[in-house]
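Subject: Structure for you to look at

Hello,

Here is the structure I said I would pass on. Please open it next to this message and follow along.

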Amino acid sequence: MPYPRSAALTAVFLVMAVLSPHGAAAATRADTLESLRREAAKARDQLEKATDQMKGRQKELAASQVKLRATLKDLAVAEAELNTIREPLARLANSSYQQSGAAGSMAIFGGGDPSEALRSTADVTLLARSQQALVDRADELQNRRQRLASTAQELQSRNAVEQTRLQQEVDGLKNKSAQLTKQLNAMLDKLAVSRQKRLELGCDKTLAADAKKFPNGLIPSKYLCPLPQKGGHRLRADAALAFYKLNAAYKRRFGRDMCVTDAYRSLSEQHAVYARRPGFAAVPGTSNHGKGQALDLCGGVQNSGSVQFNWMEAHAGKYGWIHPAWAYSNPFEPWHWEFGTEDE
């Protein structure tokens, strides 16, 4: 499951990264912010510790569930074997009730042929042993059944309690995360932090180097930063930070955010695109979208020679974005833009 600490930790980072203000009035604000920083750091540590504990509980619960399934399986086997001997056991009990005296075994002390008496004694002894073995096995199975049933009941009760406790911890973490995020965002609102500044402060550029270590299309969300556009688009940290500035410049010129149709593309998404456009889309695992440093744009940029496209050609390079040479001809994709050089 996704863990509930990410939103709060992002907000923590935002507050802790805000530049220290200056001046007399700013001193009070700095004190307030410092206090909030400490609370944020404390809450972050608590969230991380609680999340680790929750993971441990989840593993313990999973192991207990495995043990419960094994116990129930053993119980079913014991039940089945006990059922197979219920009928002969019932016949034995009925026979003992009707013929007291161990099936007439005392007859050996009466008259008759001594050899016959000895044979009868042997037969009675064998029968008695078989009957006793049946009784002993039934008693053993009954005891085992009771132990397994008791263990299963205990495991079921304990697991139910643990599941409830675990859910309470998850809900508690979510509430704590939401409360902390709301508190920190309210503080940021008072500090009049712009949307772009929030995005920049929430995107740790040091994550870019770590993102490059992962295979194409398999970069964990932790190493990607969100774009201001709707649709959940994300980029590698360095590309995202450059895009925030490019987007701000574009908005100043055209009065609106840039139109984005695609950004980071996971490996599964690359396969889906390739299946729709074989021969045109990049082979899955090789796309620059999978590196988190490519964008597909709309809003006019997708049309070569448009005002928006021409503006991008004139200004994108200032912010580290290029329209690669191949996208001019093979295939022609005026909408495709990349961060960095073509060799990266």
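A residue is called buried under 20% relative accessible area, exposed over 50%, and partly exposed in between, with a 1.4 Å probe and protein chains only. The model is predicted, so local features need pLDDT of at least 70 and side-chain atom pairs count only at pLDDT 80 or more, while totals for chains, interfaces and linings use all residues. Residues are numbered from 1 along each chain as its sequence is written, and side-chain values use heavy atoms, with hydrogens and water left out.

Salt bridges

A salt bridge here is a side-chain nitrogen of Lys or Arg within 4 Å of a carboxyl oxygen of Asp or Glu. By that rule there are four salt bridges. One of them joins K213 to D210, with the closest N and O atoms 3.1 Å apart. K213 is exposed, at 67% relative accessible area, and D210 is partly exposed at 26%.

Another joins D262 and R265, at 2.3 Å from N to O, and both of these residues are buried. R265 also forms a salt bridge with D296, at 3.5 Å. D296 lies in strand β4 (residues 294-298) and R265 in the loop between β3 (259-262) and α7 (267-276), so this pair ties together parts that are 31 residues apart in sequence. Helices (H or I, at least four residues) and strands (E, at least two) are DSSP runs, numbered from the N terminus. D296 is buried at 9% relative accessibility, and R265 is buried at 10%. Through shared partners, D262, R265 and D296 form one network of salt bridges.

Aromatic pairs

Rings of Phe, Tyr and Trp (its six-membered ring) pair if their centres lie within 6.5 Å; planes under 30 degrees apart count as stacked, over 60 as edge-to-face, and the rest as tilted. The count is seven aromatic pairs. Among them is F243 with W321, an edge-to-face pair with 6.3 Å between centres and 75° between planes. F243 is in helix α6 and W321 in strand β5 (residues 321-322), 78 residues apart. F243 is buried at 0% relative accessible area, and W321 is buried at 1%. Ring pairs also link F243, W321 and F339 into a cluster.

Helix α8

Which residues of helix α8 (residues 307-315) are buried? They are Q308, F309, W311 and M312. Seen down the axis of α8, they fall within an arc of 160° (taken from the directions from the helix axis to the C-beta atoms), so they line one face of the helix.

Regards
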